[in-house]
Amino acid sequence: MVVGVMAEEDADRIFHALADGTRRDIIARVIRHAESVSALARHYPMSFAAVQKHIAVLERASLVTKERRGREQIVHADMAVLRRTARLLGAYEEIWRERVARIDRLLAED
């Protein structure tokens with residue numbers, strides 16, 4: 001377990017997915033409201049297929065889900081996974097804050 005929040009392989013998939021700016025932007029858009037793959041593709045200067053690949057990476061990380069509505073595939077943010085990711089990042093932040101505080105105490109002793 002990564003800091004008691006999620007399995008290492010889940011965290012690896014999530015961090016890989018979030019390492020790309022286009023994928024972070026897609027997440028931001030679908031958090032605000034679900035969009036079809038074709039509507040998302042219009043926001044980026046790349047092919048429809050490239051946007052589909054980005055969405056597939058986000059799906060493998062469980063950050064988004066797709067729902068078929070007629071001929072459209074609607075992309076939704078998985079808020080439960082995003083909340084777990086936020087908790088994971090919060091746990092890492094706490095680790096680093098403790099380290100900085102320890103360094104500050106050591107420097108104050110000198």
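Six bridges join strand 2 to strand 3 (residues 72-77), and the two run antiparallel. The model is predicted: local features need pLDDT of at least 70, side-chain atom pairs count only at pLDDT 80 or more, and totals for chains, interfaces and linings use all residues. Residues are numbered from 1 along each chain as its sequence is written, and side-chain values use heavy atoms, with hydrogens and water left out.

Two strands count as paired if DSSP finds at least two bridges between them.

Along the protein chain the elements run α-α-β-α-α-β-β-α from the N terminus, which comes to five helices and three strands. These are DSSP runs numbered from the N terminus: helices are H or I of at least four residues, strands E of at least two. The protein chain has a radius of gyration of 18 Å, well over the 13 Å given by the globule rule for 110 residues, so it is more spread out than a compact globule. That radius is taken over C-alpha atoms, and the rule is 2.2 Å times the number of residues to the power 0.38. Along the principal axes, the C-alpha atoms fill a box of roughly 65 × 30 × 25 Å.

Of the 110 residues, 32% count as buried (under 20% relative accessible area, 1.4 Å probe, protein chains only).

Conventions:
Buried < 20%, exposed > 50% of the residue type's maximum accessible area, 1.4 Å probe, protein only.
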